[in-house]
Amino acid sequence: MSCVLMDLNNLAIRCLFSKDVIGESGNVDWEVWEYRITSSIYSSLFQEKDVNEIVLASDSRHSWRKLYFPRYKEKRKSQREKSDVDWEEYFQQFDNLKERLANNLPFKLIQVKYAEGDDVIGTLCLNYDKTFHIISTDKDFVQLLNKNVSLYNPVKKQKIEHPRPDNFLEEITLMGQDKDGIFNINTPLNWPAQLRKPPLGQKKVDKIFIEGIDNYLNNVIDYKKKYTDENGETQYFNERVNLRERYNQNKVLLDLSKIPDIVKNRIIDKYENYSLPSPENIIKFFSYKEWPEYVDNIENVEKNLLKLY
């Protein structure tokens with residue numbers, strides 16, 4: 001038997017920007033959006049053999065990583081502002097969708113205070129001896145790969161593999177992740193936004209591995225930079241970076257085995273004490289939605305979903 005771990009926020013955003021969901025003006029067909037999300041979750045039942053559990057991992061509105069590093073994902077707000085999407089409406093629609101899924105269908109929707117979906121997936125994979133199938137386009141989950149954990153990219157429609165998942169974790173810890181605003185270890189955490197960050201790319205990382213990562217982490221870098229701030233005034237940035245210290249800071253943010261115990265325990269408690277909704281709600285839900293693909297095949301749909309009880 002096996003468990004599907006669905007990165008729900010990742011899925012919701014991918015579906016939002018599907019051509020049949022959002023128009024050029026930013027108008028969203030929320031019914032089509034919900035249909036695509038629900039269908040993707042339902043179809044994951046058949047992704048692998050003997051699936052008897054589906055977990056929907058969802059982000060809390062606030063992340064413990066933001067408390068640890070206030071500049072975490074600092075570009076997200078400005079990126080959203082460039083979009084035509086009404087994000088306030090999106091988050092309301094997403095909350096409503098999660099409530100409908102949790103109240104009607106046999107999927108375990110795990111969302112706890114200060115946890116991201118990554119934390120939910122990482123905690124389950126690292127604390128339970130069972131077969132997990134992660135579905136997400138987020139390559140961060142490569143670090144979890146082993147004989148019991150697989151990762152499927154639904155956009156590329158292929159399983160993602162890596163010869164050394166531990167090496168992958170070392171790489172992203174060294175290079176940081178621009179998508180989440182996590183700087184490479186050569187960059188101080190208080191680096192001014194007006195300055196271009198010091199480079200640390202794949203070629204340099206490959207060289208670090210050859211020469212020994214421990215040797216590299218023994219170094220310090222001194223920065224003396226002059227720049228113009230947002231008010232047009234000249235500023236000076238003087239900082240010494242201890243690379244081992246910066247490496248350990250990134251490790252906390254990126255290594256899914258470093259999730260704070262209080263967050264991890266909340267996830268485990270929610271998972272182990274989860275109560276699925278009444279099986280009677282399956283037919284009620286799809287009858288209310290009136291999606292022909294499901295209504296016309298409701299007996300098979302119900303039969304398949306009952307396997308999750």
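Helices, here runs of at least four residues assigned H or I by DSSP, are numbered from the N terminus. The legends below describe a predicted model.

**Figure 1. The loop around Phe-17.** Phe-17 lies in the loop that links α1 (8-16) to α2 (30-43). With a relative accessible area of 45%, Phe-17 is partly exposed. Once neighbours within four places in sequence are set aside, the residues in contact with Phe-17 are Ile-22, Ser-83, Val-85 and Trp-87. Asn-27 stands 10 residues from Phe-17 along the chain, and the C-alpha atoms of these two residues are 11 Å apart.

**Figure 2. The largest nonpolar core and Phe-286.** In soluble globular proteins, nonpolar side chains tend to be buried together. The largest nonpolar core of this model contains 91 residues. Trp-33, Ile-41, Phe-286 and Leu-305 have the most contacts inside this core. Leaving out residues up to four places away in sequence, Phe-286 touches Thr-38, Leu-105, Trp-291, Tyr-294, Val-295, Ile-298, Val-301 and Leu-305.

**Figure 3. The cysteines Cys-3 and Cys-125.** A disulfide is a covalent bond between the sulfur atoms of two cysteines. A search of the whole structure returns 0 disulfides. For Cys-3, which is in no disulfide, the nearest cysteine sulfur belongs to Cys-125 and is 8.1 Å away. Cys-125 is likewise in no disulfide, and its nearest cysteine sulfur is that of Cys-3. A pair of cysteine sulfur atoms would have to lie within 2.5 Å to count, so the separation of 8.1 Å excludes this pair. Cys-3 counts as buried because its relative accessibility is 0%, under the limit of 20%. Cys-125 also counts as buried, at a relative accessibility of 9%.

**Figure 4. The whole chain, as a setting for the close-up views.** The protein chain comprises 14 helices and 8 strands. Its C-alpha trace extends over about 70 × 45 × 35 Å along the principal axes. The chain has 309 residues, of which 48% count as buried. Among contacts with a separation of 6 or more, 70% join residues 24 or more positions apart. The chain carries 46 positive and 49 negative charges, whose mean positions are 6 Å apart.

Methods: Residues are numbered from 1 along each chain as its sequence is written. This is a predicted model: local features need pLDDT of at least 70, side-chain atom pairs count only at pLDDT 80 or more; totals for chains, interfaces and linings use all residues. Side-chain values use heavy atoms; hydrogens and water are left out. Helices (H or I, at least four residues) and strands (E, at least two) are DSSP runs, numbered from the N terminus. Buried means under 20% relative accessible area, exposed over 50%, partly exposed in between (1.4 Å probe, protein chains only). Contact means heavy atoms within 4.5 Å. Lys and Arg count as positive and Asp and Glu as negative; His and the chain ends are not counted. The place of a charge is taken as NZ of Lys, CZ of Arg, CG of Asp or CD of Glu. A nonpolar core is a set of buried Ala, Val, Leu, Ile, Met, Phe, Trp, Tyr and Cys residues joined through side-chain atoms within 4.5 Å.
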